[in-house]
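Good morning, and thank you for coming. Please look at the sequence and the structure on the screen while I speak about charged side chains.

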Amino acid sequence: MNIVFKIEAYLERKPDFIQEIKLRNDGEGDFISEWNATDKPKPTDEQLDALSSQAETLEKNNLAIANRQKEYGSPEKMIEYITENGLEAWQSKVQEIKTKYPKGV
């Protein structure tokens, strides 16, 4: 399980992994090397492990969102599709994509 999503679940937000929280890998896995978040204290490994289920959902949702965005295409392609096929056709296509890549929330 990716520690990034455990940290997001713990903080209930996406932190800045450059300034706020720094991760390192010692060859046995990633760990928190520096904690500068001010809204919550640095979590213990046990606290993060308890969030595995929530972190897994976040990870799956991020994958679903990335897959959806890839299929939606650029804003220019979306506008072109709507112009050529109409708004209802676009809404239908969006629903198909969402069904293809469901979020696990």
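Is E71 buried, partly exposed or exposed? E71 is partly exposed, with a relative accessible area of 30%; here buried means under 20% relative accessible area, exposed means over 50%, and partly exposed lies in between, for a 1.4 Å probe and protein chains only.

Before I continue, a word on the source. This is a predicted model, in which local features need pLDDT of at least 70 and side-chain atom pairs count only at pLDDT 80 or more, while totals for chains, interfaces and linings use all residues. Residues are numbered from 1 along each chain as its sequence is written, and side-chain values use heavy atoms, with hydrogens and water left out.

Let us stay with E71. Its side chain forms a salt bridge with K100, the closest N and O atoms being 2.8 Å apart. A salt bridge is a side-chain nitrogen of Lys or Arg within 4 Å of a carboxyl oxygen of Asp or Glu. This pair links distant parts of the chain, 29 residues apart: E71 is in helix α3 (residues 52-72) and K100 in helix α5 (residues 87-100). Helices (H or I, at least four residues) and strands (E, at least two) are DSSP runs, numbered from the N terminus. K100 is exposed, at a relative accessible area of 53%.

Now to the other pairs. By the rule I gave, there are seven salt bridges. One of them joins the side chains of K6 and D49, at 3.1 Å from N to O. Here, too, distant parts of the chain are linked: K6 belongs to helix α1 (residues 3-11) and D49 to helix α2 (residues 45-49), 43 residues apart. How accessible are the two partners? K6 is buried, with a relative accessible area of 10%, whereas D49 is partly exposed at 46%.

A further salt bridge is formed by K22 and E34, at 3.9 Å from N to O. K22 lies in strand β1 (residues 21-25) and E34 in strand β2 (residues 30-35), so the pair ties together parts that are 12 residues apart in sequence. K22 is partly exposed at 31% relative accessibility, and E34 is partly exposed at 32%.

Finally, R13, E20 and D39 are linked in a network of salt bridges.

Why can such pairs form at all? Side chains of opposite charge can pair when their charged atoms come close. Thank you for your attention.
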